[in-house]
Amino acid sequence: MQSKWRLSHVQGYLGLGLVAEAAAEFAHLSSTERDTTPALALRVAIYQEQQNWPALRDACIELVRRVPGDAGGWVTWAYAVRRSESILAAEEVLRIAETKHPTEPTIQFNLGCYACLLGDLAEARRRVDHAIALDKNFRSLAGTDPDLAPLRDAGWPDKQSTPAS
């Protein structure tokens, strides 16, 4: 019961934006308690808030190994890889994720962002349009995401590329 109590406190601190307190509370867990999947998910959240990209990458690798059916773990892993390694390495993570989660719009959207940053505007357009087709909420995000500025500068969206609402 102690570990559930501590984990709820870690989650509560994170919810309040108190990252240092969350990390301190997490440190009080035993190594056995820290090795549970719920604790690993909280460790991922702590590392993300701390912007500790290498540690986040490593924790996400373990999270995806344990819970490959959670697309969010893959997306967070790619996010960490982008910041700790490269866009190409992050793209590789999401291409694998795409085979496991072919209808996850966040994966499609992020692959579109990566394609745009790598200069492949046709691929970026295709990916972003696909994400919007899967989830219309990505339309507004595409209009503001800085990664997609080159795509917007090239005239996206146009009537041929944007799925009808």
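## Surface and size

Accessible areas come from the Shrake-Rupley method with a 1.4 Å probe; for residues, only the protein chains shown count as cover. By that method, the accessible surface of this protein is about 8,700 Å². Carbon and sulfur atoms hold 53% of that surface. The C-alpha trace spans about 55 × 30 × 25 Å along its principal axes.

This is a predicted model: local features need pLDDT of at least 70, side-chain atom pairs count only at pLDDT 80 or more, and totals for chains, interfaces and linings use all residues. Residues are numbered from 1 along each chain as its sequence is written, and side-chain values use heavy atoms, with hydrogens and water left out.

## Helices

The protein has 11 helices and 0 strands. Both are DSSP runs, numbered from the N terminus: helices are H or I with at least four residues, strands are E with at least two.

Of the 165 residues, 40% count as buried (under 20% relative accessible area, 1.4 Å probe, protein chains only). A nonpolar core is a set of buried Ala, Val, Leu, Ile, Met, Phe, Trp, Tyr and Cys residues joined through side-chain atoms within 4.5 Å.

The largest nonpolar core has 23 residues. W77, L94 and I107 have the most contacts inside it (contact means heavy atoms within 4.5 Å). Helices α4 (37-50), α5 (53-66), α6 (71-84), α7 (87-100) and α8 (105-117) each supply at least two residues of this core. The largest share, 7 residues, comes from α6.

A second, separate core has 13 residues, including C116, A124, L151 and W156.

Methods: Buried < 20%, exposed > 50% of the residue type's maximum accessible area, 1.4 Å probe, protein only.
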